[in-house]
Amino acid sequence: MSKPPATLIVGAAGAVGKRLCAALTARGHRVIASDRMERLPGSLKRSMGDLGTCVGSVDVCDAGALRKLFQEHADENTTVWNLAAPLSVETALDPSVAEAVTIGGMGNVLDAMADVGARRICFTDSIGSFGATAPRSGATARWLHENPAQDPGSDYGRQKRGCRDLMAKFTRECNGDSRFAVLPGVLHSEAVWGNGTTEYALDALLAAPHQEKTLGLPTSDAYICPIDPDVRMPMVFVDDLMRGLIALQEADEHVLTEPEKGYAIPGLSFSPHELFTEIRKHYPGFGFRVELDANMNKFANLWPDDLSTEEALRDLGYEPAVGLSDMVANVLGAHNIRNVRTAEAFKAMDSDGDGNCSREEIERHVRKYLVRGREEYGHTGQEAVGKFVDKLMEELDTNNDGWVSWATFSEWNRRNSMEDELWKQAASIEDKLRKQIRDLGHVPVA
């Protein structure tokens, strides 16, 4: 019996990619998740279940690796999502590398698709494609098509336009079915995210529970806002975004009436001031001070205040469901659950209850609770612990006194996961062991 058509996602280990993999398999799609990471996260594999296949070590800049990926996992019925691209701030810091990944990578993806006859390519464009001359309200993907010479004001926006041009050429010359979604800032409840302009909102939400809950917060402890607090930007909560992206992928070609089949995916819009007001409903003592980041503030002032809702509703049947109050409550709730788990983990490690953990206490906890009996760590789990704890102590024991305090551990845990970091260490050791075994197989016998 032949397999159902697959969706192949390039850049699947990113924040959007992981959620899209899970959302598609939940709807019954078979998904091939590829990324340049040698080992894709165990959480990604688990989220897809039996309908997902992970393929690591596929760099979008490596045309040969992409061609092999498509030859082994794609055919003329495969839908492709190209999500491999640096975020706005990362692009500004190194435009040449970003161009190789974004435009060069798109060219490689389209060439690999042509080799196997795949037609449907979906791409995540961005509000970064809009420049100073774009509409401030109700911005559309159509406007980008009708104003191809407008200056987006950044390499990030120019590179996105380069990808749209390549897709349009693919449609003309290869009978392609190219589609793109213009994404606003993506909001979610995960603990870690990327380095983009709109991530300021997630940083503020993450910081709020760790501040004092009383009014009169000292300025030195306040959240640092990197953009003009009165500038509004469009955002979308990830659950809404998934509905919009899947609707774009699944729509019949004939219903997509917008030029180049491009659609803005609207969500909610707010300024930092509006966000902070909502946060204070949960944490009245939340405070901030402004220290402008040149790149982030530049982008924030270039981009539209909000996106049009008309086209996506008309052709895709999509409209956003999550507003500001629901978004803030959702994200803060998820962070609070993580904070409780962090406190429980620290309490379990701190066997004598003195508020500090020694290296021995941490290692004992990791071996007992994070490794023992977990199949995903295989035979290498216990072997990984020593190096993992060494690395952990380097990051946490900043004064080299051999102890880790609750405050230090809590701060580290805001952006890290002991389980995920241990999984990476175990995977690295397992890869080395496999290489040694392969090498031994080629040792000549005397």
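Predicted model: local features only at pLDDT ≥ 70, side-chain atom pairs only at ≥ 80, totals over all residues.
Visitor: How do you know that the span of helix α7 agrees with its number of residues?

Guide: Helix α7 covers residues 155–174, which is 20 residues. At 1.5 Å a residue these should span 28 Å, and the end C-alpha atoms are 28 Å apart, so the two values agree.

Visitor: Why is Cys174 called partly exposed?

Guide: Cys174, which has its place in helix α7, has a relative accessible area of 38%. Not counting residues up to four places away in sequence, Cys174 touches Ala114 and Lys169.

Visitor: What makes Arg158 and Asp155 a salt bridge?

Guide: Their side chains meet at 3.6 Å, N to O, and the cut-off is 4 Å, so the pair qualifies. Arg158 and Asp155 are 3 residues apart in helix α7, and are therefore separated by about one helical turn. Arg158 counts as partly exposed at 34% relative accessibility, and Asp155 is partly exposed at 32%.

Visitor: How do you know that the salt bridge of Arg19 and Asp239 ties together parts that are apart in sequence?

Guide: The closest N and O atoms of Arg19 and Asp239 are 3.0 Å apart. Arg19 lies in helix α1 (residues 15–26) and Asp239 in helix α9, so the pair ties together parts that are 220 residues apart in sequence.

Visitor: Why is α9 called mostly covered?

Guide: Of the 13 residues of α9, 10 are buried. Among them are Val238, Leu241, Met242, Leu245 and Ile246. Asp239, by contrast, is partly exposed, with a relative accessible area of 38%.

Visitor: Why does Glu311 have no salt bridge, and what polar contact does its side chain make?

Guide: Glu311, in helix α12 (residues 310–316), is buried, and the nearest side chain of opposite charge, Arg314, is 5.3 Å away. A salt bridge has to lie within 4 Å, so Arg314 does not qualify as a partner of Glu311. The side chain of Glu311 makes a polar contact with the side chain of Ser308, at 2.7 Å.

Visitor: Which residue forms a salt bridge with Arg314?

Guide: Asp315 does, with the closest N and O atoms 2.7 Å apart. Asp315 is buried, with a relative accessible area of 12%, whereas Arg314 is partly exposed at 43%.

Visitor: What makes the aromatic pair of Phe130 and Trp143 tilted?

Guide: The rings are 6.1 Å apart, centre to centre, with 40 degrees between the planes. Stacked requires under 30 degrees and edge-to-face over 60, so 40 degrees counts as tilted. Phe130 lies in the loop between β5 (120–126) and α6 (141–146) and Trp143 in helix α6, so the pair ties together parts that are 13 residues apart in sequence.

Visitor: Why is the pair of Phe299 and Trp303 called stacked?

Guide: There are 5 degrees between the planes, at 5.6 Å centre to centre. Planes under 30 degrees apart count as stacked, so the name applies. Both Phe299 and Trp303 are buried.

Note on methods: Residues numbered from 1 in each chain as written. Heavy atoms only, no water. Helix = DSSP H or I, 4+ residues; strand = E, 2+ residues; numbered from the N terminus. Expected span 1.5 Å × (residues − 1). Buried < 20%, exposed > 50% of the residue type's maximum accessible area, 1.4 Å probe, protein only. Lys, Arg positive; Asp, Glu negative; His and termini not counted. Polar contact = N/O pair within 3.5 Å; in protein donor to acceptor, adjacent residues only side chain to side chain. Phe/Tyr/Trp six-rings, centres within 6.5 Å; stacked < 30°, edge-to-face > 60°. Contact = heavy atoms within 4.5 Å.
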